Amino acid sequence: MQNFLLAFLCLAWASYGKRVLTPSNPASAFQASAAAGKSAQSRGAASKMAAPESLKELAMKLNPAVGYYDPLNLGAGEFLENTEFLPRVPENPASGGNDATVGFLRHAEIKHGRVAMAAFVGYCLQSNGIVWPWKLTDTISHADIAAAGSPPEQWDALPTAAKVQILLFVGFLESWSETSFALEKDGLKHYMRGGVPGKFPSFDAVAHPVPFNLYDPFGLNKKKSREALDRSLLAEINNGRLAQLGIMAFLAEQKVPGSVPVLSGLGVMKPYEGEIMAPFTAADASLPFVNDMLKLKMF
C-alpha cells in the first residue's frame, strides 16, 4: 500500500507540470538572444533592460499566475560578463549587456531541471522495486542493489567501480556540452556567448561512433513545427522546476523526518542515515581522498 501511495504521488506530481503551460504564442525565447530581441537598438545601448525584459516575458509564458519572481535580482546581474577565468568558453566578443550572466542562469536552470526529472522518475521506479532484469556485475544483480533499501541506500550499495563510471560519464557529458569544438561542429555558440541555453550538441564529432544523440535520439521532433517545439520547451522548464521541488522533498523527508508534512502524513518515506550529498561511503575508501571526505559531516 505504501508503495502504491508513493507511485500515485509521483504520477500526480509529474502530470501537474503541464497545467501551468500557456499554449498561446510561445515566442522563441529559446533562440539565441540576438535573434529573439525586438529592439533595433544595439546591445550596448539596451544592456541594462534587454535581458531582464526577456526573462519577464518568458516568466509570463511559463506561469502567468506567478509571473516574474526574482527577489535577488539575478536577472539584471552582470557578475559573469568578465569570463577571463573561464578558458573553456569560446572566445567571442562580449555583447556589452548581461547576456553571459542570463545565459548561464537559464542554462543552469534547464540543466538542473532535466537532472531533477530523471532523478524524480528514477526515485519512483527504484522505490517500487522496478529494476533491470540482468546482472550489474558477474556476482551482483540490479535486484540485489534494489534490496538494499531506498534509492539513496541503493546508490550506497553500488560497487565503487560502478559509481566511478557513472560520475565519469556525467563528467564527459558536461565537458562535451561546454567544448567549443563540439559546439562549432553543430554551428552552435556557447550559451554565455549568444548561444541557446539548454541546447546540447550532437555526438557527430566524437571519434568513436555513437548511435544516438542525447537530444531526440530517435528523431521524433524532426517533423514538429517550431511552435510545437517551443511549447514543449516551456513544458520542460515547468516540469523541471516541479521535479526539483519533488526530488528535494523526497530527500529532505528521508534525511529529516517530518520536514515535509505531506510525505510524513503518508508514512511512505524511510529515514536515511547516510550523507545525502556525499557520492561515496566508507565502502569506497579505496579511492583517493574519500577517507578525508568521510570526516566531514554536513547534517
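This report walks through a helix residue, a pocket, a nonpolar core and a loop residue in a predicted model.

## About the model

Residue numbers start from 1 along each chain as its sequence is written, and side-chain values use heavy atoms, with hydrogens and water left out. Because this is a predicted model, local features need pLDDT of at least 70 and side-chain atom pairs count only at pLDDT 80 or more, while totals for chains, interfaces and linings use all residues.

## H107 in helix α4

Let's start with H107, which sits in helix α4, residues 99-127. Helices here are DSSP runs of H or I with at least four residues, numbered from the N terminus. H107 has 7% relative accessibility, so the residue counts as buried (under 20% relative accessible area, with a 1.4 Å probe and protein chains only).

Leaving out residues up to four places away in sequence, H107 touches Y191, P197 and G198; contact means heavy atoms within 4.5 Å. With G198 there is also a reach of 2.9 Å from the H107 side chain to the backbone nitrogen.

## The second largest pocket

The second largest pocket holds about 810 Å³ of space, a volume being the space filled by probe spheres set on grid points joined across faces, edges and corners. On a 1 Å grid over the protein atoms alone, a pocket is an open set of points where a 1.4 Å probe fits, with protein on both sides within 12 Å along at least five of seven lines; lining residues have an atom within 4 Å of a point.

Its lining has 27 residues, and L62, Y68, Y69, E109 and R241 lie nearest the centre. Helices α3 (50-62), α4 and α9 (226-255) each supply at least two of the lining residues, and α9 gives the most, with six. By class, the lining has 18 nonpolar, five polar and four charged residues.

## The largest nonpolar core

Which residues have the most contacts inside the largest nonpolar core? They are F120, Y123, I247, F250, L263 and M269, in a core of 13 residues. Helices α4 and α9 are the elements that give two or more residues to this core, and the largest share, five residues, comes from α9. Such a core is a set of buried Ala, Val, Leu, Ile, Met, Phe, Trp, Tyr and Cys residues joined through side-chain atoms within 4.5 Å.

I247 is in contact with A116, A119, F120 and Y123, setting aside neighbours within four places in sequence.

## L158 in a loop

L158 lies in the loop between α6 (151-157) and α7 (160-178). With a relative accessible area of 16%, L158 is buried. Beyond four places in sequence, L158 touches L136, I145, K163 and I166. L136 is 22 residues from L158 in sequence, and their C-alpha atoms are 9.1 Å apart.

Methods:
Buried means under 20% relative accessible area, exposed over 50%, partly exposed in between (1.4 Å probe, protein chains only). A polar contact is a pair of N or O atoms within 3.5 Å; within protein, one must be able to donate a hydrogen and the other to accept it, and residues adjacent in sequence count only if both atoms are side-chain atoms. Ala, Val, Leu, Ile, Met, Phe, Trp, Tyr, Cys and Pro count as nonpolar, Asp, Glu, Lys and Arg as charged, and the others, Gly among them, as polar.
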